[in-house]
Structures are given as structure tokens and as C-alpha cells.
Amino acid sequence: MAKEHPSKTRVVIIGGGIVGCSLAYHLTKIGWKDVVLLERRKLTCGTTWHAAGLVGQLRATSNLTRLAQYTTDLYTGLEAETGQATGFKQNGSLSVAADAERFEELKRGASMARTFGLEVEVITPSEARDYYSLLNVEDLVGAVFLPKDGQTNPTDTTQALAKGARAGGAQIIEDCKVTGVTLRDGRAVGVTTDQGSLEAEFVVNCGGMWGREIGRMAGVSVPLQACEHFYIVTEELDGVPADLPVLRDPSGCAYFKEDAGKLLLGAFEPNAKPWALDGVPEDFEFDELPEDFEHFEPILEHAMHRVPLLQQAGIRTFFNGPESFTPDTRYMLGEAPEVRNFFMACGFNSIGIQSAGGAGKVMAEWISQGHPPMDLWDVDVRRLYAFQSNRAYLAERATESLGKLYAMHWPFLQPETARNIRLSPLHERLKASGACFGEVAGWERANWFATDGMAPVYEYSYGRQNWFGCAAEEHKAVRETVGLFDQTSFGKFLVQGPDSEALLQRVCANDVAVAKGRVVYTQWLNERGGIEADLTVTRLAEDAYMVVTGAAVARRDLLWLQRHLDAETRAVVTDVTSGYAVLGVMGPNSRQLLAGLTQDDLSHEGFPFGTSREIELGPAIVRATRISYVGELGWELYVPSEFAVGVFDRLVEAGAPLGLRLAGLHVLDSCRIEKAYRHFGHDITDEDTPLEAGLGFAVRFDKNQPFIGRDALLRQKERGLGKRLVQFALEDPEPLIYHNEPIYRDGEIVGYITSANYGHHLGRAIGLGYISHADGVDADYVNAGSYEIEVACERVPARASLRPMYDPKSERMRL
């Protein structure tokens, strides 16, 4: 290996764990040889060396599953390619369920696996014991077996990736500490080290648990925190087969791995222990943390029940080592919002070994192509906010993050820690009215309202949860009388200046060269025609607009707009999210309610759909925008924050005789799914075009200025569509669907559900999902098929429609 780094390179990678080495390997695979990896001590010395080495393919989301699936394929041939032993073997993995709810979760995961062609078997307890002879099955209800899962030696696999990277031309330099990141004009242009300076076109933070400190060198927030991770290794045991599959007992928070005739038992326990809150010690290298048997003992006790052979085993090693975790237990990939050409691939939440291959591949392509090669929103750094790097926030959230890996992944599951960070001005009013809050991007948002005598607390299940009846009544009010939503968490940006129209015309697929007071629904596209944002643009004046988008994507969308604002464009973009509360007044009685509080004309003729203007409402002046995400007559009211409580109180008082009901965001979602309105991040992503998503009506090819992605859409329009987004309704009103359920057309899988909810008005579960066909998808193809949706391994007949099943002509919004 080289002892000193060069003075210049194309890409510098900080960190020599398995992810950094995978990135170096994959960059050389695409032909980039000018790559330098810098490791402060020795390869793998942080967290990689002590990882358990599990290689599973089935993850919580479709995109993470695709990345893990690639990793398995890579490791299968890595030893043969490089000549470096990896220890990889595919003995399969077995996940067991000790109760019906856990078994349903496993079965729903098995259904998702089939969408991607993963081999998966849903089996009985006795069949599980056939695969894992040491297993106590007396209290099990079922299991899932994936025969192509496996395990590997993390250190040897990292060395194989490093050997492959060096063979491709990369330099890997150990004992070289990065001390700073060099910035110029908002870009990373190199690093400084304890050996000198190194210029680079791209800097990549693969620093693992050092990632937050490395980010700080560049002025970049990296929300991750190290936690203590425990496992034991037994003495050698008779009767432990070498081909034993990996065993996961998530209800016991435990995993088991055969290890050269021994058993390794590891834990992902609730109430984890954060470590090194003030930074990783300078001399950390292949270090272990102090034992804490009292903390681990409950895991061991349950494990001895699940695998009784452990009762006879001596413990050779009690290990405690750090792993890094993010606030939402999803890792971080992509270019930092704060600094151009500073990329991140860190925070892997104890799944770095099984994710490293896929992460290295997509990061190499992202860096070389200038955009992600697939939808990576699950792990995109833009989903996270600067406040989440706060030490106090991370210390609290980290206690929960580690345990989430094996906790139940319930529908609508909310975090329990680090709450009440961002509050609407109406928070206390909603709380007093029985709101049960969920959290998105730190915002506390009313998801549903408890009725009299009911605690506003989730009781989770895969069936109808405790709030189902509450949501049904809220949904009914929106459809029949009037509902009041707090939508304050919307992202709101002002675009001002002489060139504001030109900027937005270039970014928006729809035509925003409209009259003052008009609202335009539009997408922002990339050069490939994929959807980068889905939002509204309101013209406030000749030289001013307001952009409104969802809370989860606000940082992403603001960044997209700012990065298309060049030095020559005479416009400024200002985030005014905190300046306005937003109240959604939705339903047939919404006009009557508002008319009683204002002298302004709210008639259809005087205030048409798609209009936005300031009105007097009680003693306040608010911006009323006639638009709807629920498919009913209604207005969104943009209220200066200091006036919000007063406006809310008057609406509630005046609405009581009209049947007003406070409504939560679960009902906003159940109403929009009936209307087949799309949701960014689920139904539409940067891999989907407006034409495929059925949003061609929001594209203006002939407007006065070309928009980003126009040429790609024209080419797609000419050649035809290979997939279409379709609405589905289950014929049976009892099953519930959420997302990722396979879609069958005439007995063949053609796609999966991207989002779903129960449609209370339609009286059944409703979902959206793409169906694909190599020879094209048109209305005739959609209508000619017979459809089923697979729910927990059971196929349920479904109806398919390209038109919304609720109010297909959108007449109710235009009353």
C-alpha cells in the first residue's frame, strides 16, 4: 500500500470500513481509477471488524430490498473475482414468530419479497425445526425461510473489496487522518490530513460513527449517534451444524449465527445505550466497550428458551462494540444539502454488511452521473434536518433507534422519543380536543382525534386499529358536512424578483405564467422526466410566487429550487414555513362556514376553484386558497402564526351548527386515496414520469419556455408507456392493505401497491400501484385484466381503474 497520499485526485473517500471500500471498488468498476481512500487507522477498525456479518435480502422497503439483493449477488462471486477469502456462505435465514401479529408481519414481508423474485417460504413451526434442529418451537405460530440469505466474514469481505479496488486503480492509504474538508464557493474541493493537503473533485464521508464529526468539518449536519451493541459467542458446542441458517427471533430481540462450531447470539434490544455523545475517542481502534451483563441478561434468558442448547454452553466472548444509528433507522446516502460535491454514505444502523454492496454501487453511479440511479428517497440525506444533529435530540432518539430493528413495524408506527420538537401554533388547542399526534420531520401533527372517554394513544395492529372508528367519523364529516385540518407543517417558500416567473417556468412542468391569484398544481422534473417534486405554485404578484409542499419533502424541494437559481437569475427564495399556520376547511359546508365569518365573496363565480386571495376572516387577514387534497369543496387558509389561535377558535365556534369536526391527517390520506391523488415518495418518485403517473394534465409542452425534463417526456410520449399508475379496490371489505403488496394480473405479478388506506366512503381498502408490461400499458390492457392483491400471502380479488373511483369527474370540488 502507498504510504503517502497524492496531492490531487478525483474522488477522496474518508473511512476504510466496508462501505468506503465498496464505494472505491464500484468507482473503479465504472472506470474511475483516480480514487483515494483515506483511513485514520486500519481498515475495518471502527465498527466493521466486529459486525456479526449477517447478509439478509428482505428489508422494510422495496428500495432497501433491491440494494440488499444486489449485495448478496456481489458477495456470491467476490472471492472468486479477487482471490481473497470472504467467508461468505448461503445457508439461508429463518425468522420465527411467537404470536399471530408477528407472523402476519413476516407473511406481509414474504409477499413483498415475491415482487422482487426473492425465494421465500412461509412454513410451520415443525418445518422451521427441520431447517434449524436446535430450535424450540413449542410456542411458535410460524416462520419464514429465505434460502439465499447468508453470512460473511466482515473483515475478509472488506479486504476483498479493497483488493478489488486496488486492482482497479484505487489507492487505499491507512494511518492517514483527515483533519479538515476544504471548501470553495460552496463546494468541497479536497481535504487536509495529518500528511498534508489533497485536492479532489468529490469528497465522500464514509466515516461510520465518525460521520457526524467529519460532517462538521464541512459545515454539514450528519444526524447519527453511536450506540452500544452486544453479542456473545459460546464455547464450541457439539451438535451445531456448519450449515445452520441464521436465526432471527425478533420477539426476543435476538439473532443467532453459527460461528465455526460455536453460536453467536446478538441483540437489538429496546432502551439502547448511546455511546460517545461528545465524540469518538481519538485513539479508538479495534476497541471493545465495557461489558454490561445486566443489560444483556434478559436477551440471554429468552434465547436459552428459544435455543435450549445455550443452557449448556459456556461463554467464550462477551462483546460490546459501537454501531452508528440515525433518527429513523435508515442510512444516509447522497450529496449534502449544505455543500456541493460533499457526499455521504454512513449511518448504517447495524445493517452495513448486508447493505454495503448496494450502497457502494448506487453511490458510485450517483457521483459519476450527477443523480441517483434509482429511487433512493428512503435513504436520501435530504429527508433529514439540521436540528436532528443536535446532541440532546440524538441522545434521546438513539435509545429507541437500535431496538426498532427487531420491534414490530406496525402500520402508522410513531417514534416515542425526541418528540414535541416542532409545534404548530394550534398544538395546545388540538391536544385539548383529543388529538393523537404523529411526527414527520420533527413536526407534531394531529393524526386522529379521540372520542369521549378514549385515550388519544395508538393501539397498534395490522387490522383495524383503535382509532379506526374515530377516523370513520372524521372522514364522514369531510364528505358530508365539514372537516377542519391543521396543515401547518406544509413547507412554504416565497419566490420573489423580476426573474421569478422565468425560474419557475424552467423548473415547473405546468404553466405558471398565470394571472395574479391563480394556483397551479405542478411537478418538478429531472432531465430524465422523473418527478422530483409534487406541489402547488401560487402567483402572488407579477414578481412573486408562493410554493407549497409537504412537510417530509420540504428540505428536498427547497434545495431543488435553490440549486436551479443561478447567479444571473434575479430572484430570491425564502423559506417562510414558520411564518404561517395552515387550516384546511374541507367539505360541502365549508363555503357556508367561511361565509359567516367574512364579507368577501366565496361563491363559485366570485371565487372559482384554483383561486387564491387575501380575505378578512374575523379580525384577521388570511390568504384563502381554493384547492383540495380530499376531493371536496374547500379552502386552505394561510394564517400569520400569531393570528392562528384566534382564527381557529372562530372556525370551531361557527362550525358547530354546521357539523364541523376536527379531522386528522390519517383522514386526509384516506380521502385522497379514494380520489386517487398521488403521494410523493410513494406513488410518484424520481423514477416515475407524469405520463406514467397519470399526471399528464399538469404538463404544458407548449408553454412560453421549455421546462426541465420536457424532451424526455416527449420521447416517452412517442414510444408509449411501459407502466401506468392504477387505482385498486379490494372486493372483500375486510382485508387492509398499506404498501408493497404484490399486484397480480391474470395470475402474474405485474407490480406492487405503492400506497393504500381504508376508504371509509367506498367501504373497502383502496390502493394505488403501477402495473408494468414489456409491450406497453394502455387503458385496454388495464381494463382487460383480472386482478388480485396479495395480502399476507393470501390473494384478494380487486377492481382496477385508471379513473378515480370517488367523484371521477371532480364535480364536488367545483360546487
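A polar contact is a pair of N or O atoms within 3.5 Å, and within protein one of the two must be able to donate a hydrogen and the other to accept it. The model discussed here is predicted.

Reader: Which residue has its backbone nitrogen 3.4 Å from a polar atom of the side chain of Gln-195?
Author: Gln-195 sits in the loop between β10 (187-193) and β11 (196-205). A polar atom of the Gln-195 side chain lies 3.4 Å from a backbone nitrogen, and a polar contact requires a pair within 3.5 Å. The residue that supplies this backbone nitrogen is His-5.

Reader: Is Gln-195 buried, partly exposed or exposed?
Author: Buried means under 20% relative accessible area and exposed means over 50%, with partly exposed in between. The relative accessibility of Gln-195 is 33%, and therefore this residue counts as partly exposed.

Reader: Are helices α2 and α5 parallel or oblique to each other?
Author: The axes of α2 (residues 62-82) and α5 (residues 154-167) come within 10 Å and cross at roughly 60°. Angles from 65 to 115 degrees count as roughly perpendicular and those under 35 as roughly parallel. The crossing of α2 and α5 is left-handed, and the two helices are therefore oblique.

Reader: How many nonpolar residues does the contact of α2 with α8 have?
Author: Helix α2 packs against α8 (residues 352-369) at an angle of about 100°, with the axes 7 Å apart. Among the residues that meet there are Leu-67 and Leu-74 from α2, and Ile-353 and Val-362 from α8. Besides five polar residues and one charged residue, the contact of α2 with α8 has a nonpolar group, and its number is eight.

Note on methods
Residues numbered from 1 in each chain as written. Predicted model: local features only at pLDDT ≥ 70, side-chain atom pairs only at ≥ 80, totals over all residues. Heavy atoms only, no water. Helix = DSSP H or I, 4+ residues; strand = E, 2+ residues; numbered from the N terminus. Buried < 20%, exposed > 50% of the residue type's maximum accessible area, 1.4 Å probe, protein only. Axes fitted to C-alpha atoms, helices over the stretch in contact; angles between N-to-C directions. Parallel < 35°, antiparallel > 145°, perpendicular 65-115°, else oblique. Left-handed = near helix turned anticlockwise from the far one by under 90°. Contact = heavy atoms within 4.5 Å. Nonpolar A, V, L, I, M, F, W, Y, C, P; charged D, E, K, R; others polar.
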